[in-house]
Amino acid sequence: MPDRIERITLSLAFLPLQNPVSDAKVSTGRQKPLTEVAFLFAEIDSADGLSGLGFSYSKRAGGPGLFAHAKEIAATLLGEDPSDIARLWNKLMWAGASVGRSGLATQAIAAFDNALWDLKGKRAGLSIAKLLGAHRDSVQCYNTSGGFLSTPIGQVLENVDRSIEAGLGGIKIKVGQPDFSADVTRLEAVSRHLNGRAALMVDANQQWERSSALRAGRAFEQFCLAWIEEPVDAYDAEGHAQLAAALDTPIASGEMLTSPAEHWELIRHNAVDILQPDAARVGGITQFLKILSLAEHRGLTIAPHFAMEIHIHLAAACAKEPWVEHFDWLDPLFNERLETRGGRMIVPVR
């Protein structure tokens with residue numbers, strides 16, 4: 001007899017950051033410094049005695065909205081077979097279809113979806129990576145949390161050394177300040193200090209117009225960057241495509257998009273070399289896998305955004321060598337730490 005979902009427990013939690021952080025959206029006045037991350041947790045218990053845990057998140061605003069939407073649609077899953085994940089995703093989506101198939105609606109669904117995959121992995125006795133079919137047992141990883149604009153350059157350089165000593169293979173710093181020369185000066189200092197010890201990436205967080213993005217991209221070519229991330233508005237596929245065609249440096253984007261359809265716009269415009277979907281934003285692992293298939297069809301590299309505890313498994317299932325983003329922000333949520341060495345993150349076996 002098939003298993004069935006007996007109980008769903010939802011919770012909303014706020015994780016404070018040790019120090020407020022700022023990127024270009026703060027320096028241009030669009031947002032305030034980030035001080036906490038809101039998490040929606042879903043715990044799904046089945047009649048067979050199994051339990052799956054999943055989460056999604058929101059920064060600055062939206063956490064209570066995720067929680068409210070999740071509470072409205074949760075009962076849709078009661079009595080269902082938890083193994084039918086794709087069908088249940090559609091059922092949850094149609095339960096709240098009037099608010100759309102992207103944005104807050106799918107981010108709320110992500111917590112359920114990730115919990116169902118967790119439960120399925122436990123039933124099979126496999127990690128998510130093995131359940132999906134892993135291509136590798138480690139993934140190249142880069143650090144972001146040490147390079148925010150709010151961090152003084154001296155501290156950034158110390159963070160570079162710590163990241164490399166901890167076994168990370170790449171360093172990403174934030175750019176996109178109103179004073180372009182300040183970005184160049186900061187990048188020069190990091191590049192010189194790094195001295196080829198790890199890959200170097202930059203992230204403008206959507207703060208350039210097309211013309212200024214091209215100017216910056218040309219100035220940055222000398223640094224042989226692994227990529228320039230979100231140089232223009234996240235939904236400006238044509239602007240991304242123009243930069244991708246004009247620059248030698250690869251273009252990366254996708255973290256702010258919340259559906260496979262939105263990612264397809266970037267893909268079909270040849271707008272990016274590196275696609276950066278976020279499972280918690282696009283609706284969970286089920287939707288992430290659809291994006292992965294589209295990206296692989298075009299030969300794109302995947303570098304999932306944030307939430308490395310989920311994305312390490314999904315990156316391991318990519319056919320083409322991916323990247324995974326290392327953040328230490330979520331450490332207080334977990335009793336164990338992911339292992340990094342030799343520039344790579346080790347894929348957990350559980």
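Buried here means under 20% relative accessible area, and exposed means over 50%. The model shown is predicted.

**View 1. Helix α8 has a buried face and an exposed side.** Helix α8 covers residues 210–220. Its buried residues are Ala-213, Ala-216, Gly-217 and Phe-220. Seen down the helix axis, the buried residues of α8 fall within an arc of 100 degrees, so they line one face. An α-helix has 3.6 residues a turn, so residues three or four places apart point the same way. Ser-211, Arg-215 and Arg-218 are exposed on the other side of α8. The packing partners of the buried residues are α7, β6 (199–203), β7 (227–229) and α9 (237–246).

View 2. Val-156, Leu-157, Asn-159, Val-160 and Ser-163 are buried in α6. These residues cover an arc of only 155 degrees around the axis, which puts them on the same side of α6. Just after α6, Gly-167 takes a positive phi of about 95 degrees.

**View 3. Tyr-57 and Phe-306 form a tilted aromatic pair.** The structure holds 15 aromatic pairs. In the pair of Tyr-57 and Phe-306, the ring centres are 4.9 Å apart and the planes meet at 55 degrees, so the pair is tilted. Tyr-57 belongs to strand β3 (residues 51–59), while Phe-306 is in the loop between β10 (301–302) and α13 (308–316). The pair therefore ties together parts that are 249 residues apart in sequence. Tyr-57 has 0% relative accessibility and counts as buried. Phe-306 is also buried, with a relative accessible area of 1%. Both residues belong to one aromatic cluster, which also includes Phe-39, Phe-41, Phe-55, Phe-148, Phe-327 and Trp-329. Lys-59 lies over the face of Phe-306, 4.2 Å from the ring centre.

**View 4. Trp-227 and Trp-323 meet edge-to-face.** Their ring centres are 6.1 Å apart. The planes stand at 85 degrees, over the cut-off of 60, so the pair counts as edge-to-face. Trp-227 is in strand β7 and Trp-323 in strand β11 (residues 323–326), so this pair links distant parts of the chain, 96 residues apart. Trp-227 counts as buried at 1% relative accessibility. Trp-323 counts as buried at 10%.

**View 5. Lys-290 sits over the ring of Trp-89.** The charged end of Lys-290 is 5.8 Å from the ring centre of Trp-89.

**View 6. Gln-206 reaches the backbone of Ala-234.** Gln-206 is in the loop between β6 and α8. At 13% relative accessibility, Gln-206 counts as buried, because the cut-off is 20%. The Gln-206 side chain comes to 2.8 Å from the backbone nitrogen of Ala-234. Leaving aside neighbours within four places in sequence, Gln-206 is in contact with Arg-30, Glu-230, Pro-231, Val-232, Asp-233, Ala-234 and Met-256.

Methods: Residues numbered from 1 in each chain as written. Predicted model: local features only at pLDDT ≥ 70, side-chain atom pairs only at ≥ 80, totals over all residues. Heavy atoms only, no water. Buried < 20%, exposed > 50% of the residue type's maximum accessible area, 1.4 Å probe, protein only. Helix = DSSP H or I, 4+ residues; strand = E, 2+ residues; numbered from the N terminus. Arc of directions from axis to C-beta. Contact = heavy atoms within 4.5 Å. Phe/Tyr/Trp six-rings, centres within 6.5 Å; stacked < 30°, edge-to-face > 60°. Lys NZ or Arg CZ within 6 Å of the ring centre and 35° of its normal. Polar contact = N/O pair within 3.5 Å; in protein donor to acceptor, adjacent residues only side chain to side chain.
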